Amino acid sequence: MTAASLRTPPLARVYLAAGLTAIGVYFLLPWNSTAQSVLYDLIGISSAVAILVGTRRHRPALSVPWYLFAAGMLAFSVGDILFNSYARIWHRDPPVPSVADVFYLGGYPLLAIGLVLLVLRMLSKDRRVGLIDAALLTVAFCVCHWIFVMHPILAGSSDQVGKLVALSYPAMDVVLLAALVFLALTPARRTVSYRYLSASVVLLLVVDEVYSISPERFAGTSWLDAGWLLSYVLWGAAALSPSMRDLSEPKPVRGSRLTAMRLVMLWLAIGTVPAVLIVERLAHRRIDAVALAIGSSALSGLVLLRLAGLVQSFDRLRRDERAARSEAQSAQKKLLAQNEQLLEADRLKDEFVALISHDLRTPLTSIMGYLELILDDDNLTEEQRGFLSVADRNADRLLRLVNDLLFVARFEAGQLELHPTELDLAAVVRQSVEEAEPRATAGGIQLTCDAGAVSAVQADKGRMFQLVDNLVSNAIKFTPAGGDVRVSVTPVNGVVRLEVADTGIGIEPQEQQRLFERFFRASTASEHQIPGTGLGLYITRAIVEAHGGSIAVRSDLGEGTSFSVELPARSTT
């Protein structure tokens with residue numbers, strides 16, 4: 001939006017200001033003059049034009065109602081022109097009925113049909129409650145309308161045609177009111193266009209009712225003209241407002257909710273008949289018992305329907321709430337039972353792994369001891385020594401696996417024992433790299449170490465060797481021949497950082513967050529058929545966190561991986 005558009009007032013406000021100015025000029029002109037009549041007709045025609053302009057400009061999803069509004073306003077304007085022509089051109093009062101009445105009465109259905117189309121467009125699937133609420137106010141209005149407006153007309157002149165025409169106007173007002181009340185029960189009432197539209201309809205109804213009570217008495221009343229003219233202008237402003245598009249969009253209507261507005265409507269409906277009785281009594285009018293009885297019965301029936309709908313809605317909500325609560329309780333019980341089963345299964349699994357691992361270590365240690373003694377015998381042939389070496393390597397591999405399983409079981413059970421001492425991590429790293437050098441050389445990998453003097457750390461020496469061995473062996477295992485593995489130890493901001501970087505196969509980005517989970521193996525390891533259990537990094541993280549440190553990984557697929565471990569340095573003060 002540009003600065004110029006921000007400075008430009010909305011078209012609806014411009015038209016409203018121009019219309020109010022024109023109405024002011026109307027009352028400044030000589031009364032019953034030709035200029036005054038022409039200005040009156042121009043204001044009515046401008047309303048129809050404004051509605052057409054607004055519809056073409058804003059292009060609502062449903063434009064038919066607005067074209068009907070424009071046609072209705074135009075019909076009213078033609079009726080005004082014809083009505084004024086009797087006095088200005090033919091110099092006589094208009095007959096009853098007249099041609100002007102045809103256009104006046106033809107405009108009301110057009111407006112009513114347009115409002116009904118908007119209402120049907122705005123409603124959700126649940127229309128029953130909205131219909132009842134709208135019918136309550138409409139019936140209450142009809143009771144008052146019949147007693148104070150329509151019944152006196154019937155009891156008046158003996159001219160049947162004149163009575164029919166006179167009754168047609170208040171009857172059309174009832175249709176307009178019903179559509180407006182129904183529209184008020186939708187979310188459309190929050191829009192500016194609806195406020196203009198409702199104000200226009202209300203003004204039209206008020207001045208029509210006042211005029212219908214006694215046309216002779218109010219024929220020359222200037223403030224009635226103000227009401228009709230302002231109704232024209234407000235209807236045009238409603239079409240020019242951009243919010244008129246919202247009146248054509250379907251919205252969900254929570255009809256079952258008894259809001260403050262609906263409570264007021266119920267109160268007005270219930271109090272209509274008693275209020276009419278009081279007014280008739282105070283005015284010494286004859287009480288129309290039949291009309292009041294019919295109206296009271298209709299209102300009572302609608303109120304009962306509304307209350308029945310509320311009770312049904314409440315019962316439905318209560319049933320749904322009970323069902324939801326029962327389902328939640330049942331699900332909670334099942335979840336608790338399943339959690340207990342899972343915890344028990346996990347505990348039994350850890351106990352089983354710890355027991356088996358502990359029981360396997362004793363025979364494996366014995367086997368490895370005897371294999372070592374046999375391998376020291378100089379009388380073995382080369383073939384025998386080769387067979388025994390294979391058995392020794394696999395026994396050593398099996399012992400490492402058993403030790404890993406036993407470590408995991410103890411760690412999960414909270415039984416990990418640490419014996420921290422003041423330790424030179426650089427020395428541990430140098431020794432571990434030196435021991436791994438033969439494996440790196442056999443795999444065609446260049447292994448380098450940069451471990452200068454750093455501050456001491458408070459750590460378990462055996463666990464530190466296990467940590468460094470896991471990282472270095474992993475780097476060698478996942479780096480193809482011709483690659484590099486770099487190990488470094490450096491002091492950084494009060495911590496000692498150990499970094500092991502390789503130029504190996506790398507890890508998928510989406511798998512890096514799962515590397516430290518138990519038994520997780522990266523897809524690249526499976527694709528390259530690299531053996532492993534998925535426990536090394538889990539154990540490494542457990543050791544790091546047990547010493548108050550942290551571990552992080554950076555990896556690029558096909559380019560290499562870097563593990564960084566930070567351990568708190570021991571204070572020298």
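Predicted model: local features only at pLDDT ≥ 70, side-chain atom pairs only at ≥ 80, totals over all residues.
Entry 1: I looked up how many salt bridges the model has. I took a salt bridge to be a side-chain nitrogen of Lys or Arg within 4 Å of a carboxyl oxygen of Asp or Glu. By this rule I got five salt bridges.

**Entry 2: R497 and E566.** I then checked accessibility. R497 is partly exposed at 26% relative accessibility, and E566 is partly exposed at 24%.

**Entry 3: R554 and E499.** I looked at R554 next and found its side chain in a salt bridge with that of E499, at 3.2 Å from N to O. R554 belongs to strand β6, residues 550–556, while E499 belongs to strand β5, so the pair ties together parts that are 55 residues apart in sequence. Is R554 buried or exposed? I noted a relative accessible area of 52% for R554, which means that R554 counts as exposed, since the cut-off is over 50%. E499, at 21% relative accessibility, counts as partly exposed.

**Entry 4: E517 and R514.** I also looked up E517, whose side chain meets that of R514 in a salt bridge of 3.2 Å, N to O. E517 is partly exposed at 34% relative accessibility. R514 is partly exposed too, with a relative accessible area of 41%.

Terms used. Residues numbered from 1 in each chain as written. Heavy atoms only, no water. Buried < 20%, exposed > 50% of the residue type's maximum accessible area, 1.4 Å probe, protein only. Helix = DSSP H or I, 4+ residues; strand = E, 2+ residues; numbered from the N terminus.
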